[in-house]
Amino acid sequence: MPERILQWKEEYSIGEEEIDSQHKRLFEIAAGAFSIVSPSERAAKVKETIRRLVEYTRFHFDEEERFMKEELYPHLDTHKELHEEIIISMNAFMRRIPEMKIQELEKELAFSIQSWFIDHITQKDKQIQAWLQKKRRFEGLLEWNEEYALKYEPLDSAYKAILPETKEMILAREETPKQLLARLEQNLIQHYRDEEAYLQSKKILTPEHLLAHKKIIDILQNLIKKMRFNDQNMLERDLALFFQGYLTRHKHSLLMNQESLSISL
Ligand SMILES: [Fe+2]
Ligand SMILES: [Fe+2]
């Protein structure tokens, strides 16, 4: 039983060499507890293995947390808490060793390895992988590009902020796509109202500009309607493309007014 449990499987891989090799090392150390030794040495062997396991686990968790931090993984805090719980459970196990019989010790160790390592890797560390893959799919998307600049500071800085915020929101997936789009729609409508009022006060609001706003809202509302037919990845991509299109279209409509804009500012 333990031999099978402690066998590394490709499905445990999270696609990050460094992390994978540390996970493999954890399995190797744990396997030491079940190597064949004389009966008199068994208890000492198991204890020594657990001690090494705790030590290496601490090192691995620190490394994994550093990695998540560097990658700006949004669920770092919750993941850290899970690591702490594992360390607490390992320490509690260590404290109980003196009062446990060897058979009991081995059985419980095999059981604990399942939850400390296998369950944690396949359920929680795997989420880091899923997030990283998504993050890579978004590389280059929803990023500010100097081409979008309207050379009008208040609007440019609003877009510069909106892009990374939206990206973060999509990547963290803290809202359902439906909630996200509904919020986006509301924000956009409000933003256009403010902008139109401002342009109006400067007497530079044109019907073309109003129409451009309406078109963008239409595209977003169509996206919302289409949503139930789209799978998650398609939706994220559509949303990213919507934003790119939104910025370029919007720039186009503002450019038509740029002359008057710069005169009146
Ligand atoms: Fe982890
Ligand atoms: Fe891990």
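Residues are numbered from 1 along each chain as its sequence is written, while chains are lettered from A and ligands numbered from 1 in the order in which they are written. Because the model is predicted, local features need a pLDDT of at least 70 and side-chain atom pairs count only at pLDDT 80 or more, whereas totals for chains, interfaces and linings use all residues.

**The whole chain**

Colour the chain by pLDDT, the predictor's confidence in each residue, from 0 to 100, and you will be looking at an average of 80, with 81% of the residues scoring at least 70. Then select residues 256-265, where the pLDDT is below 50 and where the model has 10 contacts beyond near neighbours in sequence; two residues are in contact if their C-beta atoms, placed from the backbone, lie within 7 Å.

**Helices α2 and α3**

Next select α2 (residues 17-31) together with α3 (residues 39-70), which pack at an angle of about 170 degrees with their axes 10 Å apart. Axes are lines fitted to C-alpha atoms, for helices over the stretch in contact, and angles run from 0 to 180 degrees between N-to-C directions. The angle makes α2 roughly antiparallel to α3, a term for angles over 145 degrees. Among the residues that meet here are Ile19, Leu26 and Ile29 of α2, and Leu53, Tyr56 and Phe67 of α3.

**Helices α3 and α4**

The contact includes Ile50, Val54 and Phe61 of α3, and Ile86, Ile87 and Phe93 of α4. By class, the contact of α3 with α4 has 10 nonpolar, three polar and four charged residues, where Ala, Val, Leu, Ile, Met, Phe, Trp, Tyr, Cys and Pro count as nonpolar, Asp, Glu, Lys and Arg as charged, and the others, Gly among them, as polar.

**The largest nonpolar core**

Now select Ala30, Ala33, Val46, Leu109, Ile113, Trp116 and Phe117, which touch the most other members of the largest nonpolar core, a group of 15 residues. Such a core is a set of buried Ala, Val, Leu, Ile, Met, Phe, Trp, Tyr and Cys residues joined through C-beta atoms within 7 Å. A residue is buried if 20 or more other C-beta atoms lie within 10 Å of its own, exposed if 12 or fewer, and partly exposed in between, with C-beta atoms placed from the backbone. The elements that give two or more residues to this core are α2, α3 and α5 (102-137), and its largest share, six residues, comes from α5.

**Two single residues**

Stay on helix α5 and select Trp131, which is partly exposed, with 19 other C-beta atoms within 10 Å. Not counting residues up to four places away in sequence, Trp131 touches Tyr73 and Leu171.

Finish at His191 in helix α7 (residues 177-201), which is partly exposed, with 14 other C-beta atoms within 10 Å. His191 and Ala158 are 33 residues apart in sequence, yet 10.0 Å apart in space, C-alpha to C-alpha.

Note on methods
Helices (H or I, at least four residues) and strands (E, at least two) are DSSP runs, numbered from the N terminus. Angles under 35 degrees count as roughly parallel, over 145 as roughly antiparallel, 65 to 115 as roughly perpendicular and the rest as oblique.
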